Amino acid sequence: MHGLVHLQNRLLSEMVGLKDIQSGNAGRGVSGIKYRLRRKKVLLILDNVDTLEQLEILVGGLDWFGPGSRVIITSRDKHLLAFHGFERRYEVQELNHVDALELLSHRVFKQGIVDPNYTELLSRVVTYASGIPLALEVIGSNLSGKSVDQWKHTLDRFERNPPNNIQNILQISFDDLDQEEKNVFLDITCCFKGYELTDVVDILRARYGQDMKNHIEVLIDKSLIHISLDGKVTPRPLIENMGKKIVIDESPSDPGRRSRLWFREDIVQVLKNNKGTSNIEIIHLDSSLIENEEAIEWDGEDSEEMPNLRILIIRKCHFSKAPKYLPNSLKVLEWWRYPSEELPSDFDSKKLVICKLPNMGFMSPDLTEFLQGFAISFGRL
């Protein structure tokens, strides 16, 4: 691959109309750009900038170019542009619903004439694609000429497993994160979508033992997550699915070997069959959309096999009985309608930071006293 010096040479060659300019090193390249272009009116477009060094050696200052020059830079990182001092920044918005439908319809149907049988499915595609033109193009090309049933099957498959050409592009921003930022991103996309930002901050602080607000800000700056007007964390559907696929790919056939579990069937399989492993760090189970669900059986015998389980959140799920054991590694325990008046007798809670046991009904005096040690611990939801 060509380096930054090559880009400097190419910039000079095209701007001054000379071939085979060779500056030799970045420092001489900077001097050459400033000397040769300082009186020229230029239009310079730098696409997909991801490091400060790229900006410093290609557009170190506006005085490098002549009056009336325009420099346009695209980047996934808002902070990068702000740090370099660009005062006018514009965030490219996703296509609105109407424009996204128009683009998709022209991609799928000849002359853009929509078959009424596909109206609801078109809206489903637009929602899934999050207004991203590339996603609409790729998905549209996969759906063109297919029947309604084939559309449904294809969309079901994409929602479980995004197309590689979309996944690979979306994952560029993820790959640029450091390891702690990656962990926070996967925690949010897999388990905490729709949570209040303040709750996410509290949970992550408990999990990692430090304030993770800066990490969240990085994810916002890179447009990997968004905060809604009502203060909820809302990653786009495609971004959410990308994060979930990264975790699923840790162990495609054995959910017990993944770091995070959120899918009901996977969790039931792991708990019921005592298939927990040291890989599991978060279990987040919410069956609020499932009616007449069967009681889940978990005796907790596999708790010793999950020594790295930090967060256990169970909401609106019916368990036949409470587990005999809970991992002593837990830092966050939230269990709606916990099916016992006592926690396991040998559960060591000294690592526990957040404990919420709402809608329990009767609690023993010992458990009541225990929960009073937490700022928010029990009540009616």
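UniProt positions here follow the numbering used in this text, feature names are shortened, and annotations may be inferred rather than shown by experiment. With that in mind, an unreviewed UniProt entry lists residues 179-250 as "domain: Disease resistance protein Roq1-like winged-helix". What you have is a predicted model, where local features need pLDDT of at least 70 and side-chain atom pairs count only at pLDDT 80 or more, while totals for chains, interfaces and linings use all residues. Residues are numbered from 1 along each chain as its sequence is written, and side-chain values use heavy atoms, with hydrogens and water left out.

**The annotated span**
- Helices (H or I, at least four residues) and strands (E, at least two) are DSSP runs, numbered from the N terminus.

**The cores**
- A nonpolar core is a set of buried Ala, Val, Leu, Ile, Met, Phe, Trp, Tyr and Cys residues joined through side-chain atoms within 4.5 Å.
- Buried means under 20% relative accessible area, exposed over 50%, and partly exposed in between (1.4 Å probe, protein chains only).
- The largest nonpolar core has 54 residues, and I139, W151, F185, F192 and I216 have the most contacts inside it.
- There's also a second, separate core of 27 residues, with V270, Y338, L352 and L357 among them.
- Leaving aside residues up to four places away in sequence, F192 touches D187, V200, I203, V233, I282, H284, I311 and I313; contact means heavy atoms within 4.5 Å.

**A buried leucine**
- L271 sits in helix 14 (residues 264-272), and it counts as buried because its relative accessibility is 2%.
- Setting aside residues up to four places away in sequence, L271 touches I283, E297, W298, D302 and F319.
- L271 and D302 are 31 residues apart along the chain, yet their C-alpha atoms are separated by 7.7 Å.

**An exposed isoleucine**
- I45 belongs to strand 1 (residues 43-49), and it is exposed because its relative accessible area is 54%.

**Two serines with positive phi**
- S130 isn't a glycine, but its phi is positive, near 60°.
- You'll find S130 in the loop between helix 6 (119-129) and helix 7 (133-143), and it counts as buried, at 10% relative accessibility.
- S223 has a positive phi of about 60° too, and is not a glycine.
- S223 lies in the loop between helix 12 (213-221) and helix 13 (237-248), and it counts as partly exposed, at 28% relative accessibility.
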